[in-house]
Amino acid sequence: MSAEEALRELREYYRGMPPVAAMGVEVDGFQEGTLRLTAPLSANVNDKGNAFGGSLTSLMTVAGWGLVTLKLRLAGLKAEVYVADSQIRYLAPLYADLVADATFGEGQSWEAFVDTLVQRGRARIQVEARVLLPEGGSATTLAGRFVAIAKR
């Protein structure tokens with residue numbers, strides 16, 4: 001499967017998930033191992049006029065899920081992907097559209113993850129995600145463990 005086909009498939013997955021569709025999530029791209037998603041502030045605003053904390057967390061979680069799902073499809077593997085646990089840090093309010101980047105955590109081996117999935121039928125990998133501030137830095141960060149369970 002080509003990267004464009006896998007990205008198109010990922011976009012369709014997101015459109016098929018009502019909560020994700022309601023957030024207005026869009027796949028902005030996949031470069032150098034990083035998946036970028038966006039969502040408009042207007043669909044994710046709180047009573048203070050900035051990004052709703054639940055939307056920030058959701059966008060980062062969906063980005064992490066999407067990164068693992070996308071890489072599995074590119075590897076020709078079929079698996080269900082779940083977030084096992086995550087830690088969120090809210091660092092600054094965001095008064096702009098949401099932009100989230102997800103990548104594999106430092107020291108994580110995609111090859112070891114795939115080998116474990118093929119051998120054992122399940123594997124886990126650490127993902128780091130963040131919502132960017134327009135002026136630089138992060139509004140919110142996520143450190144999460146994602147699990148893949150092979151489809152039989």
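Guide: A helix axis here is a line fitted to C-alpha atoms over the stretch in contact, and angles run from 0 to 180 degrees between N-to-C directions. The model is a predicted one.

Visitor: Why is α3 called roughly perpendicular to α4?

Guide: The axes of α3 and helix α4 (residues 110–120) are 12 Å apart, at an angle of about 70°. The label covers 65 to 115 degrees, so α3 counts as roughly perpendicular to α4.

Visitor: Which residues of α3 and α4 meet?

Guide: From α3 come Val68, Lys71 and Leu72, and from α4 come Trp110, Phe113 and Leu117. By class, the contact of α3 with α4 has 5 nonpolar residues, no polar ones and 1 charged.

Visitor: What makes α1 oblique to α3?

Guide: Their packing angle is about 140°, with the axes 10 Å apart. Roughly perpendicular ends at 115 degrees and roughly antiparallel needs over 145, so α1 is oblique to α3. The crossing of α1 past α3 is right-handed.

Visitor: Which residues make that contact between α1 and α3?

Guide: On the α1 side they are Ala3, Ala6, Leu7, Glu9, Leu10, Tyr13 and Tyr14. On the α3 side they are Val62, Ala63, Trp65, Gly66, Thr69, Leu70, Arg73 and Leu74. The contact of α1 with α3 divides into 11 nonpolar, 2 polar and 2 charged residues.

Visitor: How do you know which residues line the largest pocket?

Guide: A lining residue has an atom within 4 Å of a pocket point. Among those lining the largest pocket are Glu9, Tyr13, Trp65, Thr69, Leu72, Arg73 and Lys151. Two or more lining residues come from each of α1 (3–15), α3 (53–74) and β3 (79–90), and α3 gives the most, with 4. The largest pocket has a volume of about 160 Å³.

How values were computed: Residues are numbered from 1 along each chain as its sequence is written. This is a predicted model: local features need pLDDT of at least 70, side-chain atom pairs count only at pLDDT 80 or more; totals for chains, interfaces and linings use all residues. Side-chain values use heavy atoms; hydrogens and water are left out. On a 1 Å grid over the protein atoms alone, a cavity is a set of points where a 1.4 Å probe fits but cannot get out, and a pocket is an open set with protein on both sides within 12 Å along at least five of seven lines; lining residues have an atom within 4 Å of a point. Grid points are joined across faces, edges and corners, and a volume is the space filled by probe spheres set on the points. Angles under 35 degrees count as roughly parallel, over 145 as roughly antiparallel, 65 to 115 as roughly perpendicular and the rest as oblique. A crossing is left-handed if the near helix is turned anticlockwise from the far one by less than a right angle, and right-handed if clockwise. Contact means heavy atoms within 4.5 Å. Ala, Val, Leu, Ile, Met, Phe, Trp, Tyr, Cys and Pro count as nonpolar, Asp, Glu, Lys and Arg as charged, and the others, Gly among them, as polar.
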